[in-house]
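Visitor: Hi, could you walk me through this one? I'd like to hear about the sheet and then the pockets.
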Amino acid sequence: MTPSITGLCTLIQVYDMDEAVAFYRDYLDFEIAQQSPLLERPYRHFNWALLRCGPVQLMLNTAYEAGDRPAARDASRQAAHGDTILYFDCPDVDRAYTALRAAGLGASPPTIAPYGMKQLSFTDPDGYVICLQWPV
């Protein structure tokens with residue numbers, strides 16, 4: 001018998017957990033469902049979070065241990081994230097575009113893909129591509 005799969009949760013690595021959580025919370029309405037313990041050293045932080053937005057889940061994990069994190073993002077590492085796309089179902093892509101632009105996110109207008117999906121794409125702070133889509 002094969003396993004009964006009832007969902008999917010992707011894990012992505014982020015440079016700055018607070019910044020990543022704020023992005024997914026403020027722009028896409030995710031909330032922290034669970035997180036690793038809050039640590040005080042070498043600065044106040046946590047390393048893992050499970051985010052939820054309705055039935056959708058996304059896990060974030062820090063790319064570096066706190067003491068090993070470089071002062072700035074590694075540009076080559078961030079560029080490599082460009083081949084990862086997180087597709088989210090979004091019944092009203094046009095309304096999402098308007099709301100995201102009003103919230104200050106620089107996103108280009110939605111387009112219709114050759115396979116019949118209206119899509120709105122933008123990147124998160126770590127260079128992962130986010131695509132909100134819905135069938136035309």
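Guide: Happy to! Before we start, contact here means heavy atoms within 4.5 Å. Keep in mind that this is a predicted model. Helix α1 (residues 17–28) lies across β1, β2, β3 (48–53) and β4, and α1 runs at about 160 degrees to β4.

Visitor: In what order do the strands of that open sheet come?
Guide: The order is β1-β4-β3-β2, with mixed pairing among the 4 strands. At the edges sit β1 (9–14) and β2 (31–35), each of which pairs on one side only. From one strand to the next, the twist averages 30 degrees.

Visitor: How many bridges join β1 to β4?
Guide: There are 6, and β1 and β4 (residues 56–62) run parallel. Within this pairing, Thr-10 stands opposite Leu-58 in β4.

Visitor: Switching to pockets, which residues are closest to the centre of the largest one?
Guide: The largest pocket holds about 430 Å³ of space. Of its 18 lining residues, Tyr-27, Leu-28, Cys-90, Ala-96 and Leu-132 are the closest to the centre.

Visitor: Which element gives the most to that lining?
Guide: That would be α3, with 4 residues. By class, the lining of the largest pocket has 13 nonpolar, no polar and 5 charged residues.

Visitor: And what volume does the second largest pocket have?
Guide: About 230 Å³. Thr-10 turns up again here: along with Val-56, Gln-57, Tyr-87 and Phe-88, Thr-10 is among the residues closest to the centre of the second largest pocket. The largest share of this lining, 5 residues, comes from β5, while β1 and β4 each supply at least two.

Notes
Residues are numbered from 1 along each chain as its sequence is written. This is a predicted model: local features need pLDDT of at least 70, side-chain atom pairs count only at pLDDT 80 or more; totals for chains, interfaces and linings use all residues. Side-chain values use heavy atoms; hydrogens and water are left out. Two strands pair if DSSP finds at least two bridges between them. Axes are lines fitted to C-alpha atoms, for helices over the stretch in contact, and angles run from 0 to 180 degrees between N-to-C directions. On a 1 Å grid over the protein atoms alone, a cavity is a set of points where a 1.4 Å probe fits but cannot get out, and a pocket is an open set with protein on both sides within 12 Å along at least five of seven lines; lining residues have an atom within 4 Å of a point. Grid points are joined across faces, edges and corners, and a volume is the space filled by probe spheres set on the points. Ala, Val, Leu, Ile, Met, Phe, Trp, Tyr, Cys and Pro count as nonpolar, Asp, Glu, Lys and Arg as charged, and the others, Gly among them, as polar.
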